[in-house]
Amino acid sequence: MAMTNVGSRSQDTGTQVHDPAAVRLVEITLGFWVGQAVGAFARLGVADAFAGQDRTVDDLAARTGSDPAGLRRLLGSLTGVGVVREVSPGVFALGELGQHLRTDHPRSMRDLAVLQSEPWMWRVFERLQHAVSTGDAPVKDVLGTDCYWTWLHGRPQERQVFDAGMVSVAKALQIPTALSYDYRDVRRIVDIGGGLGQVLTAVLTANPHIDGTLFDQPATVTGAQQALTDAGLADRCSVAGGDMFQAVPAGGDTYLLSFVLMDWGDEQALRLLRNVAAVLPGHGRVLVLDCLADHPAGTGPSGHPFHMGRTVDLFQMCMGSARVRSRTEFEDLYARAGLRLHALHLPQAPVSLMEVNPA
């Protein structure tokens, strides 16, 4: 009897035995299990438990308070996606992706893995079909609010997990994008909705001639003040709390909107942009870091096309009235606010930087 391997071709004849498209769809539809597996790995602190060495399952189980049999199965599932490698029977090493799940890695994604597997995120997203069928955001029925920001505001534990996950995103996407810009003519940058200030901190550290202001909700900037102090920037960066839909601080020649507009519908986004335009000097600029719905699809780690903007757009559809916009939609929004798109940097990257000037 002829034997076949687990792939798509017969070992003896090389004949195709599996439909590649069907196998690919199996991979895609099982992807949410992989996401949960990575989330469990991150929550248990397995990456840190390796402590720079290859470890047996029993050793890792003892270090993480896990059931050895269960952990063995979890690790086995993650060998196929680059998180761990089995170097000999029952002995594992961290893979390249697993290194980024260490809490001490400079670009750690551990907190993002935790956030993306949070129950509330999954409860909302499991109703994607409802959003597509009705046009209604599931966040209303699942969390009882029109916007997940409102829900997070009254839940400090979930907000802490969310903020930590966004720091991971900033390390991977926003900071490299922000640092690609030439700031030689900038003197004061105002970061609107800058969270804990991770992007602004990176920009100010790399450009010692710039001063800054971090502007966000009053409850948020309290934590940001300490983060800026810890970074040695307290003398160069002030913090201000307020409502960006009412007014934003004056005095900057550059205003930064990093992953802000993607969270709001056109009405709120236009109100914010008009507030920025009202205080923007004639020689000033707005730097918008955002995903574009129409940037060319790149290639994901599986070797298949992955489109960051269009994937994030599904999240926005479930979580509120926002959406990921195309370049034309951004240009229309800017024009209505009395602004114009001057230049588009990194147009093929997952995150683009738009330089916007007064019209």
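1. Helices (H or I, at least four residues) and strands (E, at least two) are DSSP runs, numbered from the N terminus. The model discussed here is predicted: local features need pLDDT of at least 70, side-chain atom pairs count only at pLDDT 80 or more, and totals for chains, interfaces and linings use all residues. Residues are numbered from 1 along each chain as its sequence is written, and side-chain values use heavy atoms, with hydrogens and water left out.

2. Phe-330 counts as buried because its relative accessibility is 1%; the term buried means under 20% relative accessible area, exposed means over 50%, and partly exposed lies in between (1.4 Å probe, protein chains only). Tyr-334, at 0% relative accessibility, is buried as well.

3. The next point concerns aromatic rings. A pair of aromatic rings is described by the distance of the centres and the angle of the planes. Rings of Phe, Tyr and Trp (its six-membered ring) pair if their centres lie within 6.5 Å; planes under 30 degrees apart count as stacked, over 60 as edge-to-face and the rest as tilted. The whole structure contains 10 aromatic pairs. One of them joins Tyr-181 and Tyr-183 in an edge-to-face arrangement, with 5.0 Å centre to centre and 80° between the planes. Tyr-181 and Tyr-183 are both buried. The pair of Phe-330 and Tyr-334 is stacked, because the ring centres are 5.8 Å apart and the planes stand at 25°.

4. Where is Ser-326 found? Ser-326 belongs to the loop between α16 (308-319) and α17 (327-336). With 15% relative accessibility, Ser-326 counts as buried. Leaving aside residues up to four places away in sequence, Ser-326 touches Leu-292, Ala-293 and Asp-294, where contact means heavy atoms within 4.5 Å.

5. The strands deserve attention next. Two strands pair if DSSP finds at least two bridges between them. β2 and β3 (residues 91-94) run antiparallel and are joined by four bridges; Val-84 has Leu-94 in β3 as its bridge partner.

6. Strand β4 (residues 188-192) has four of its five residues buried, so the rest of the structure largely encloses this strand. β4 pairs in the parallel sense with β5 (residues 211-216) over five bridges. Ile-192 stands opposite Phe-215 in β5.

7. Ala-51 has a positive phi, near 50°, and is found in the loop between α3 (46-50) and β1. Its relative accessible area of 48% makes Ala-51 partly exposed. Phe-259 is not a glycine either, yet has a positive phi of about 55°. Phe-259 lies in the loop between β7 (254-258) and α15 (266-279) and is buried, with a relative accessible area of 13%.

8. Phe-32 lies in α2 (residues 31-43) and, at 42% relative accessibility, counts as partly exposed.
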